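Thanks for coming, everyone. Please have the structure open on your screens. I'll walk through it piece by piece.

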Amino acid sequence: MEESPINDASKAGKTEEQKAENAPKSGERSDQGTAPAPDHYRPDPQNERDQRHIPAPDVAGAKFRYPVLAQPPEELTGLKLEARAKIAAGVTAVIKSMEFNWGEAGLARGTKGLLKMNQKDGFDCSSCAWPDPDDHRSVAEFCENGAKATASDADDRRADPALFAKHSLADLSRMTDRDQNNLGRLTHPLVKRPGGTHYEPIEWAEAFDIVGKELNALKSPDEAAFYTSGKVPNEPAFLFQLFAKQFGTNNLPDCSNMCHESSGAALSPTLGLGKGSVTLNDIYEAEVILIIGQNPGTNHPRMLTALQKAKHNGAKIISVNPLIEAGLNHFKNPQDFMNPLKALGVLLGDGTPITDLFLQVRVDGDMALLRGIMKHLFEAEDMNPGQVVDRPFIDEFTTGFESFEQNIRNTNWEDIEQISGISRAQLLEAANMLATKKKIITCWAMGVTQQRQGVQTIQEIVNLHLMKGAIGKPGAGTCPVRGHSNVQGDRTMGVWEQPTKEFQDALGKEFNFQPPYEHGHDVVETIKAMYHGEVKVFFSLGGNLLSAGPDTELIAEGMRKQNLTVYVGTKLNRGHLVTGRTSLLLPCFTHLDIDMQKSGHQMTSCENSMGVVSQNKGALVPLEGQMMSEVAILAGVAIATLGPDRTNVADWVAMTENYDVIRDHISRVIPGFDKFNEKLRKPGGFYLPNGPRERKFTTKNGMANFTTTELEKYVLEPDQLILMTVRSHDQFNTTIYEYNDRYRGIHGERRVLFMNKQDIAERGLKAKDLIDITSHYEGEQRTVEKFIVVPYEIPKGNVSAYFPEANPLVPIASVAKVSNTPTSKYVIVTVAPTKVAKAPQQQKQHAEALSA
């Protein structure tokens, strides 16, 4: 084994920058080395999961029972409705970006942060994981939501001990999520002691000691769970999973379980790698791009620049979504304002039209829609043998085609049209756009992954690409668009409750210990185990599980049963307030904070949606206080918990003093990271190996596998609707920046329900009526109160609301097959006029009844 820098400093990564011409190019298909071990999922995971029934929590009554609110307060903030926007970005996006950035961080601090964001010598945007260009990057290489995320991180307001002395946890929980975020950066470690009502200051040494004592007091390491946010860079993520495994558990739930777990579960057995297969240049070269269940204008705005370039190169775009979104309609590129030849046209014109064909699918109808397109393609192949289906590719690289073909041909048009809500003629139009094309890319996001059949729907996407031979060549492939900056990298680093034997063997060999091999708990299983009292310590490295997860009040019940909750974060969120008996709130650096350790200015790394790993080096001096880096916090916890008998204390110290030491460990554990320190210092970073990109399908049988899926039909009761949760434009994940969603015409409010006009009329309602929403699952109900009816262009029978406000309606037991992802894009609900608010005496009686 190569000697570590812990013993020989000369073994650390080289610090000189490589020449720009050596940066990787997007379109290249050269052999990039051995891909990481594929994520082979459990063959029948449903049988291994906790099937015990958990009764539905009293969602509407919880606010009377508990002083600390787990749900956002119900007070309305003032709805103003406008027409839906038809153009994304433009001058307004620039103005909003600057207003928010300078308002949060100040002119000098905010501007400096923006100019270093997504630059080759700067820091990685902490919002979405859309890739940066390999070659030229604009001075302003960011979007509106990236600017908001960076401004929030650069906030110069301080949530210091004085603030927490003034406000109890109950007081803080009655603030809106926006107002909690606007309190500013956490500056000092805090503790809520047993029986306490406030967070109060604590020294770091005592905080580490509390964690160590509580963990070591557990009867089994599996009584602890270690949750990760997708914002965590590679180096601390690697240390987090290392610590958990040295402690003795694979209970490593992370946010990926709730977003793209379905993608990994579908791609791994079909293509051999749970990641996408395309690069940014492939987007530019594509002939047809399908965008399914994704809203790039709000959730991945820089993707619009790539789509604009693809359109200019002649690409056709098919958009599939229940909501007509501005970013799928027209795009005004703010970068074009810097070009005097384009500025006037962009200012006065409608921008670039994005979608050529829009298919307004019903919620959960994407699988039927894809079958309809493929059924048309087979009919076209019958009329034009050898012109539509790529038989040579199928024969050489795939298995399972015959069964798949029969399944598609046997699907009847009545089911396809009924389930999808799209006519046979519209599907023929889509099929005709694809029939003679080979350079096809399909992009998808949580609009697909959070369906009941999300895994099977993505397998149908793979089927479409395999029948067309549209994978493993320039301009073609699969593109799951990740929603958080390093959610893909965290999985690569080993944050997964189902680790492969190969990964555990390599980790154990590198660090000289015996790692656990049994699978641990994912998010849903962790929530259940917390509720049952089987997990007693919950450690969260970033994130906000309370607001991100399903069944909010059930999560809150589990949190209250914990002996210890540990929250590592940058700003206060609602999840920090619902605590165990003891709770620690530990402040850490953000992506843009300068991280100075003994060896100097440290950098970390992130992996984007297309498998590029690049450096993340902070640019702003942290606020005054006692914040620590995530690496330093984890090292302190590991040393206090494991001690010299169970870990190499000196190595933890060395890894904290010089992050090159961490990367040298990673280079020997994870395939594709050889010479990690050297490659990371190349401008733009480096590409990880990707088998499907090179037509090397590292499945168990070494082939790309067609899937024969089952198209299920569900019958609703009268008056029932299907709810999907979505983000607003002024939020990123669970972080709320403002109460607006200007692309959908919403201003000053978040408690809204988007409804079809006919559905509104049939229920005797009208616009702006106050309603209660009740979800129905296996005979049980959950109700959220005081939402406002908003008429909107959404398929009849479908409704939509924002999360986290609507998350209490999502039952813990309602999950996607195989992936166990909560079905936030398929919740059966009914609506009714809101009940009269209870008088104070009624509230008291209700609370007493619940407590009895």
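Start with the rings. Phe226, Phe240, Phe243, Phe247 and Phe539 form one aromatic cluster. Keep in mind that this is a predicted model.

Where does Phe226 sit? Phe226 is on one face of strand β7, together with Ala224 and Thr228, and these three are buried.

Who pairs with β7? Strand β16 does, in the parallel sense, over 5 bridges. Within that pairing, Tyr227 has Ser540 as its bridge partner. Strand β16, residues 537–541, pairs with β17, residues 564–569. That pairing is parallel as well, over 5 bridges. There, Leu541 stands opposite Val568.

Next, the helices over this sheet.

Now the core. In soluble globular proteins, nonpolar side chains tend to be buried together. Here the largest nonpolar core has 61 residues. Which residues have the most contacts inside it? They are Leu215, Phe226, Phe238, Leu239, Phe539, Leu584 and Phe673. Look at Leu584. Leaving aside neighbours within four places in sequence, its contacts include Leu190, Val191, Tyr199, Ile202 and Ala207. Ile210, Val211, Leu564 and Val566 are also among the contacts of Leu584. There is a second, separate core, with 52 residues. That second core includes Ile318, Ile394, Val448 and Leu466.

Back to the rings. A pair of aromatic rings is described by the distance of the centres and the angle of the planes. How many aromatic pairs are there? The count comes to 23. Take Phe164 and Tyr199. Their rings are 6.0 Å apart, centre to centre, with 90° between the planes, and the pair is edge-to-face. Phe164 lies in helix α5, and Tyr199 in the loop between β5 and β6, so the pair ties together parts that are 35 residues apart in sequence. Are these two buried or exposed? Phe164 is buried, with a relative accessible area of 1%. Tyr199 also counts as buried, at 1%.

Here is another pair, Phe673 and Phe686, again edge-to-face. Their centres are 6.0 Å apart, with 85° between the planes. Phe673 is in the loop between α29 and α30, while Phe686 is in strand β23, 13 residues apart. Phe673 is buried at 0% relative accessibility, and Phe686 is buried at 5%.

Arg452 lies over the face of Tyr826, at 3.6 Å from the ring centre. Lys561 lies over the face of Tyr531, at 4.0 Å from the ring centre.

On to helix α13, residues 303–312. Of its 10 residues, 7 are buried, so α13 is largely enclosed by the rest of the structure. Among the buried ones are Met303, Leu304, Gln308 and Lys311. Just after α13, Gly314 takes a positive phi of about 105°.

Last stop, Ile441. Ile441 lies in strand β14, residues 440–444. Its relative accessibility is 0%, so Ile441 counts as buried. Now compare sequence and space. Ile441 and Leu290 are 151 residues apart in sequence, yet 6.3 Å apart in space, C-alpha to C-alpha. What else does Ile441 touch? Not counting residues up to four places away in sequence, its contacts include Val278, Asp282, Ile283 and Ala286. His465, Gly475 and Cys479 are also among the residues that Ile441 touches.

That's the tour. Thank you.

Conventions. Residues are numbered from 1 along each chain as its sequence is written. This is a predicted model: local features need pLDDT of at least 70, side-chain atom pairs count only at pLDDT 80 or more; totals for chains, interfaces and linings use all residues. Side-chain values use heavy atoms; hydrogens and water are left out. Two strands pair if DSSP finds at least two bridges between them. Helices (H or I, at least four residues) and strands (E, at least two) are DSSP runs, numbered from the N terminus. Buried means under 20% relative accessible area, exposed over 50%, partly exposed in between (1.4 Å probe, protein chains only). Rings of Phe, Tyr and Trp (its six-membered ring) pair if their centres lie within 6.5 Å; planes under 30 degrees apart count as stacked, over 60 as edge-to-face and the rest as tilted. A charge sits over a ring if NZ of Lys or CZ of Arg is within 6 Å of the ring centre and within 35 degrees of the ring normal. A nonpolar core is a set of buried Ala, Val, Leu, Ile, Met, Phe, Trp, Tyr and Cys residues joined through side-chain atoms within 4.5 Å. Contact means heavy atoms within 4.5 Å.
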